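Me: I would like to go through this structure with you. Could we begin with the overall picture and then move to individual residues?

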Amino acid sequence: MFRWRRIPASPSPRNPCERWADERREPAHEREPAKEGAQVRIVVLIKEVPDTYSDRKLSLETGLADRDASESVLDEIGGRALEVALSYADQNPGAEVVVLSMAPESAQASIRKSLAMGAGSAVQVVDDRLLGADLGLTAQVLAAAVQRVGFDLVVTGNQSTDGSGGVIPAMVAERLGVPQLTALTSVEITESAVRGTRATDEGVATVSAPLPAVISIMEALPDARFPSFKGVKAAKKKPFETLSLDDLGVDAELVDAPRSIVMAIARKPPRGAGVKIVDEGDAGIRLAQFLIQNRLA
């Protein structure tokens, strides 16, 4: 069980909304030009997470995921996002695919796996000050790294399978000051725009945006490809850049926006015994009463 407290922003003589707008208009890192002959530079956000099929646990001391309790793997939705970028690059040889991850040093093997799949280069943000980073700080760091790398399109999954926040794509787009297309079930990329479909309660919406932009994809997109033997060998020679917060000009301790911290954590109580209803002619009534009492009806 968690209790969250919002830390108020540091006082500033300026309107925080004005300061936020200035940060978007004047990014800390100007976009580097894409490589000569490149048509579109796609940055794919990936993440290493505890294996979905393993037993996941939280550390009662830190409130963070206990990553030693299970094997760590490349998040499946991140692999699908990478497949979207690689599929475009397969049809457009001039396109450039860069994978970006904010992860501890131990995640390097998972990131290199994405290079073996076909990504052209990788960037990893590693810094002990990011331990336990909330969604706001995570988005700030990722946006700063994307700006440093340079981009036409950012592709990410709709949400990771560990934190399941589901807001990082929108927060990164806001930080970058570019359009966002989220929860896409199909994607079409051109040199100047991106479009796709999104399932809604009423049907299917078709959405589009000019580049640069940020998109997030759903599990309806194809699975990630398997690395080939040739790809594994080639991955060892591909560019792999490691960045710190100092490289990005991000101060994790400077609270210029509300942050979330863990106030308390407790072990989940054991599951109690269920209620057994024996049919003696009134089972339907008793079942209805049970559902009403537990607010399930």
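Reply: The chain exposes about 17300 Å² of accessible area, of which carbon and sulfur atoms supply 52%. Please note that this is a predicted model.

Me: How many helices and strands does the chain have?

Reply: There are 8 helices and 14 strands in the chain.

Me: And what share of the residues is buried?

Reply: Of the 297 residues in the chain, 39% are buried.

Me: Of the contacts between residues at least 6 apart in sequence, how many join residues at least 24 apart?

Reply: Such pairs account for 73% of those contacts.

Me: What is Leu153 in contact with, leaving aside neighbours within four places in sequence?

Reply: Leu153 is in contact with Arg41, Ile42 and Val43, with Ile189 and Val194, and with Leu211, Ala213 and Ile215.

Me: Next, helix 3. Which of its residues are buried?

Reply: Ser110, Ile111, Ser114, Leu115, Ala116 and Met117 are buried in helix 3.

Me: What follows helix 3?

Reply: Gly118 comes after helix 3, and its phi is positive, near 145°.

Me: How far is Ala116 from Lys230 in space?

Reply: Their C-alpha atoms are 8.0 Å apart, although the two residues are separated by 114 residues in sequence. Lys230 belongs to helix 6 (residues 229-235).

Me: Is Lys230 buried or exposed, and why?

Reply: Lys230 counts as exposed because its relative accessibility is 70%, and the cut-off for exposed is over 50%.

Me: Changing topic: where is Leu221, and what does it touch?

Reply: Leu221 is in the loop between strand 12 and helix 6. Not counting residues up to four places away in sequence, Leu221 touches Arg80, Val84, Leu184, Thr185, Ser186 and Val187. The C-alpha atoms of Leu221 and Leu184 are separated by 8.5 Å, and the two residues are 37 residues apart along the chain.

Me: Why does Leu221 count as buried?

Reply: Leu221 counts as buried because its relative accessibility is 9%, where the cut-off is under 20%.

Me: Ser186 came up there. Which side chain does the side chain of Ser186 make a polar contact with?

Reply: The partner is the side chain of Thr197, at 2.6 Å. Thr197 is found in strand 10 (residues 193-199). Residues that Thr197 touches, beyond those up to four places away in sequence, are Ala183, Leu184, Thr185, Ser186, Val204, Ala205 and Thr206.

Me: Finally, the surface. Which residues form a nonpolar patch there?

Reply: Val275, Ile277 and Leu287 form a nonpolar patch, with about 250 Å² of accessible area together. Leu287 lies in helix 8 (residues 283-293).

Me: Why is Leu287 called partly exposed?

Reply: Leu287 is called partly exposed because its relative accessible area is 44%, which falls between the cut-offs of 20% and 50%.

Methods
Residues are numbered from 1 along each chain as its sequence is written. This is a predicted model: local features need pLDDT of at least 70, side-chain atom pairs count only at pLDDT 80 or more; totals for chains, interfaces and linings use all residues. Side-chain values use heavy atoms; hydrogens and water are left out. Patches are made of residues with over 30% relative accessible area and no salt bridge: like charges are joined within 9 Å, nonpolar side chains (Val, Leu, Ile, Met, Phe, Trp, Tyr) within 5 Å. Accessible areas come from the Shrake-Rupley method with a 1.4 Å probe; for residues, only the protein chains shown count as cover. A salt bridge is a side-chain nitrogen of Lys or Arg within 4 Å of a carboxyl oxygen of Asp or Glu. Helices (H or I, at least four residues) and strands (E, at least two) are DSSP runs, numbered from the N terminus. Buried means under 20% relative accessible area, exposed over 50%, partly exposed in between (1.4 Å probe, protein chains only). Contact means heavy atoms within 4.5 Å. A polar contact is a pair of N or O atoms within 3.5 Å; within protein, one must be able to donate a hydrogen and the other to accept it, and residues adjacent in sequence count only if both atoms are side-chain atoms.
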